[in-house]
Amino acid sequence: MVAITSSSSWLIAASTLLFSQGATSFTSPLHVPSTSARSSTRMTTLQVAAATEYDIVKVDLTDGRDYPIYIGSDFTDDEASALLRSHVGGKRVLLITNDRIAPMYLDKYQKMLNKDGEIQVDTVVLPDGEENKTFDCMAMVLNKALELGLDRKSTFVALGGGVIGDMVGFASAIYQRGVNFIQIPTTVMAMVDSSVGGKTGVNHPLGKNMIGSFHQPQCVLIDTTVLNTLPDRELKSGISEIVKYGLIRDSPFFIWQEENMDKLLARDPETTRYAIKRSCENKSEVVQADEKEAGVRATLNLGHTFGHAIENGSGYGTWLHGEGVSIGTAMAATMSEKMGWIDEELKTRIYDILESADLPVKLPKDSPMTVEMFNKLMSLDKKVADGQLRLILLKGDLGSCVFTGDFDVDAMQETIEEFVKEIDA
């Protein structure tokens, strides 16, 4: 490879120009064109004797709130620093992570953000786990910000999975009525779903994510290299959200997943990067059409109403989010097939792809879930409107779904009863 030198200022300028113009391609001596026809950009960062190629997926919003999702692997510290610092408006950053991620990545990203000493970076380390996604835990972030005297020009940075991203996003939304924040997701689940779209919040004993707000980040930086340290169970959990996109709106993507699941599980770099990019493109398009979840964005919750009930009823932390969603997706598919909205062949393909990812499709024998628990917890779902439960169900060919309250209640009850009976069996 020919050695070509370029400074960080070139990187920031080029990225900013392309992003502001909504560019779909970029030409440089080492450029490799993107195969995507969507609103994404592929850029090559030029360094001495090396080049990092990465994609930019643009989240198009109103009022100048558009932001980029940078997706690549093996970013050098200088490259990542340049990208992150270009989205920090003031001179103070509060970097928040959890006690599992901190030993691996906190020091690295603190140094990146603090390069040249221009930005003061303070840190907060929270306890890991869904069971700690609470207002009390999030208050640790607010307490630290107040103790440090951070002002409205400060930026919060979330380094971690979906729990950290949701809590930091919510803290940034309510601190002094709103400060900027940046997402650096470290799990597949966060990369393909929770870090994109501005949903933030914490859990409540009566319901998952019931306290929160919509607050969009300034950017999302995805370095797939961090997935090398992700436990297998969490990798598989994130794949459930990737499967979702193929089921609700992107049938070619679903077929691609059927053909490439082994590579995804093996963490093949190119396969993983493509799956993340395509998922972010799908999520971006839906968020652009319906930022506050008044309609089509709700379809991103396929399997979540059943899944959230399982997570809550089993005790937060018992199931990973994607595991609950996987069982919930199987339940939604079963219910859809009972109503004649999808055929048995499609239901079988759904079960097959979830099982090929080593994801659960039924409740274990020690599950505490009952029919009564399902009905009670589902009645508290955020998608309930005027007392009526609304569900995301599959209808028609692969890649089609509906968000509706007009469904066969008996089919829903039969589905719940079947899954609960499997526990006793």
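In which strand is Ile71 found? Ile71 is found in strand β3, which covers residues 67-72. This is a predicted model, in which local features need pLDDT of at least 70 and side-chain atom pairs count only at pLDDT 80 or more, while totals for chains, interfaces and linings use all residues. Residues are numbered from 1 along each chain as its sequence is written, and side-chain values use heavy atoms, with hydrogens and water left out. Helices (H or I, at least four residues) and strands (E, at least two) are DSSP runs, numbered from the N terminus.

Ile71 has a relative accessibility of 0% and therefore counts as buried. The cut-offs are these: buried means under 20% relative accessible area, exposed means over 50%, and partly exposed lies in between, with a 1.4 Å probe and protein chains only. Across the chain, Ile71 and Tyr274 are 203 residues apart, yet their C-alpha atoms are separated by 9.4 Å.

Helix α9 spans residues 269-289. From its first C-alpha to its last, this helix of 21 residues reaches 31 Å, close to the 30 Å expected at 1.5 Å a residue. The expected span is 1.5 Å times one less than the number of residues in the helix. Of the 21 residues of α9, 15 are buried, and the helix is mostly covered.

Helix α7 (232-248) can be treated in the same way. The 17 residues of α7 should span 24 Å at 1.5 Å a residue, and its end C-alpha atoms are 25 Å apart, which agrees. Because 14 of these 17 residues are buried, α7 is largely enclosed by the rest of the structure.

Rolling a probe the size of a water molecule over the atoms shows where empty space is left. On a 1 Å grid over the protein atoms alone, a cavity is a set of points where a 1.4 Å probe fits but cannot get out, and lining residues have an atom within 4 Å of a point. Grid points are joined across faces, edges and corners, and a volume is the space filled by probe spheres set on the points. A search of the whole structure finds three cavities of 30 Å³ or more.

The second largest cavity holds about 50 Å³ of space. Both α7 and α9 supply at least two residues each to its lining. The residues that line this second largest cavity are Val188, Leu235, Ile239, Ile242, Leu264, Thr272, Ala275 and Ile276. By class, seven are nonpolar, one is polar and none is charged. In this scheme Ala, Val, Leu, Ile, Met, Phe, Trp, Tyr, Cys and Pro count as nonpolar, Asp, Glu, Lys and Arg as charged, and the others, Gly among them, as polar.

The largest cavity has a volume of about 110 Å³. Its lining has 13 residues, of which Gly207, Lys208, His308, Leu377 and Asp381 lie nearest the centre. The elements that give two or more residues to this lining are β9 (207-214), α10 (304-314) and α13 (371-378). The most comes from α10, with four residues. Six nonpolar, four polar and three charged residues make up the lining of the largest cavity.

Gly313 is also placed in helix α10. With a relative accessible area of 19%, Gly313 is buried. Gly313 and Pro368 are 55 residues apart in sequence, and their C-alpha atoms are 7.1 Å apart in space.

Two loop residues have backbone angles worth checking. Asp358 has a positive phi of about 60 degrees although it is not a glycine. Asp358 lies in the loop between α12 (344-356) and α13, and at a relative accessible area of 52% it is exposed. Asp386, in the loop between α13 and β11 (391-394), has a positive phi near 50 degrees and is likewise a residue other than glycine. At 84% relative accessibility, Asp386 counts as exposed. Leu391 lies in strand β11 and is buried, with a relative accessible area of 2%.

The ring contacts remain. A charge sits over a ring if NZ of Lys or CZ of Arg is within 6 Å of the ring centre and within 35 degrees of the ring normal. The charged end of Lys244 sits over the ring of Tyr245, 4.7 Å from its centre. Lys395 lies over the face of Trp341, at 4.5 Å from the ring centre.

Note on methods: 1 Å grid on protein atoms, 1.4 Å probe; cavity = no way out; pocket = protein on both sides within 12 Å on 5 of 7 lines; lining within 4 Å.
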